[in-house]
Amino acid sequence: TASGGRVRHSLRIEGTAMAWSVPQLVRRGRSVIPESSISDLLELFPIDTCLNVKRGASRFFMYEEHAPNKMKDAAGTATTIAVTPCEFGALLAECDGSHYYWTAPMASVAPDLLREKFDWYSDLHDESDRPLLDPRGPSLWMGTSGSGTQCHYDVANNIILQLHGTKRVRCYSPSLGLRHLHVFPDAHPRARKSQVDFDDVDFGRFPHFEDCPAPSLDVVLGPGDMLKIPAFWFHHVENGKLSYSNENAIDGPSASLNSFSLSKPMLVAQQIFKQGSRLGRGELEDRIISVLRARGVRLLENLNINNQDEWIERNLLEARFTPIGNFDERDTFQENKVELTKRQIDDAEACVDGTMPYFEQIITEQDESGDGVGIAQLVALHLMELWAVKLVGAGAVGSAWREALV
């Protein structure tokens, strides 16, 4: 029993001591809570709770809003409506032509529910991971049938525990994602998400997706099922069922519990950005493009990537910037493309070299199946974009790197 004599609910799942290396599924076959529907679960919320629910014609939602002073987002955003739990339950059950999606930390909307029915959530994690759990606690995710989140990766480890309904999840490795999924640039509001519409792929805009291999895992979660997704692994999430969804999916709303924990690759990447982002703009204004090129080539050489120009063209420009047309047509970069002195080259290379012990840590601490090389290359793309943002601003990153390859 917990303090005060209250019975502590316990969730026992065999085989949960899993390494954060590849997505892993635990089938349970039954719900972990007695409530028979999402509406029953919502009735346990305080009656006066206000839920900020997203509503949109598109079935895919952004679960996180990024800073508005970045690149412009051509796609329209969903509207947010304030409803009570009872009203939200009705919206989930109705089919009014719109999609609805809601997520929030459980402690912020129903703290008693967290204490009384989900106090075992930390048991989902290995003991060594518990100090790294999100201090906000687990989140609830609820959506209408067909709603979901576009293929993306998180920098935290993520456990999805399905509570009601079904959820289809397709997982792709970091290496596959950076080569084929056309990720939005980091300065874009949809950073870390794929630009590809999985429902209606435009292969003219997204040529790398045409030869994209099948996902490493394609699974439909039912009540009680748990999926562990390591940081930097891409996942495409769909609730309920549509006509083209997996045949095991059930039509109807979906609810899950998500529990995030800090990942070792993310903590190491923070050191890479701290070490590798040092730029003296005042000293470099007349040689921005040359500095970008020197740093980029050195970084890829150190990561044992051959044909550096080809790699940058494909995985940075073609994959991220060409589909959204993010190229500033100004020609002011040309005057900045001047030859660097030996000391300037040495300084640029020394800054990059200082990050390599951290890159090596990412690669070596992931086992062979964990795709440490892919994670390291994703971090390298983050760093290359960060350099350009610092030097030329978010709106000219693509143009600066294109000029660097000329």
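Colleague: Which strands form the open sheet, and in what order?

Modeller: In this predicted model, eight strands form it, in the order S1-S10-S7-S12-S5-S4-S2-S3. The pairing is antiparallel.

Colleague: What makes S1 and S3 the edges?

Modeller: Strand S1 (24-26) and strand S3 (79-83) each have a single partner strand. One side of each is therefore left without a neighbour in the sheet. From one strand to the next, the twist averages 25°.

Colleague: How do you know that S1 and S10 pair?

Modeller: Pairing takes at least two bridges. S1 and strand S10 (residues 226-229) have three bridges, in the antiparallel sense, so they count as paired. Within that pairing, Val26 has Met226 of S10 as its bridge partner.

Colleague: Which strands does helix H2 lie across?

Modeller: Helix H2 (residues 85-93) lies across strand S2 (51-56), S3, strand S4 (99-105) and strand S5 (139-143). H2 runs at about 125° to S3.

Colleague: Why is strand S11 called mostly covered?

Modeller: Buried means under 20% relative accessible area. In S11 (residues 234-239), six of six residues are buried.

Colleague: Which residues of S11 lie on each side?

Modeller: Phe234, His236 and Glu238 are on one side. His235, Val237 and Asn239 are on the other. Both faces are covered, as these residues are all buried. In a regular strand, side chains alternate between the two faces of the sheet.

Colleague: How do you know that S11 pairs with S6 and with S8?

Modeller: The requirement is again at least two bridges. Strand S6 (residues 148-153) has four bridges to S11, and strand S8 (residues 167-172) has six. Both pairings therefore qualify. S6 pairs with S11 in the antiparallel sense, and S8 also runs antiparallel to S11. Gly148 stands opposite Glu238, while Cys171 stands opposite His235.

Colleague: Why are Cys151 and Cys351 called buried?

Modeller: The limit is under 20% relative accessible area. Cys151 has 0%. Cys351 has 11%. Both values fall under the limit, so both residues are buried.

Technical notes: Residues are numbered from 1 along each chain as its sequence is written. This is a predicted model: local features need pLDDT of at least 70, side-chain atom pairs count only at pLDDT 80 or more; totals for chains, interfaces and linings use all residues. Side-chain values use heavy atoms; hydrogens and water are left out. Helices (H or I, at least four residues) and strands (E, at least two) are DSSP runs, numbered from the N terminus. Axes are lines fitted to C-alpha atoms, for helices over the stretch in contact, and angles run from 0 to 180 degrees between N-to-C directions. Contact means heavy atoms within 4.5 Å. Buried means under 20% relative accessible area, exposed over 50%, partly exposed in between (1.4 Å probe, protein chains only).
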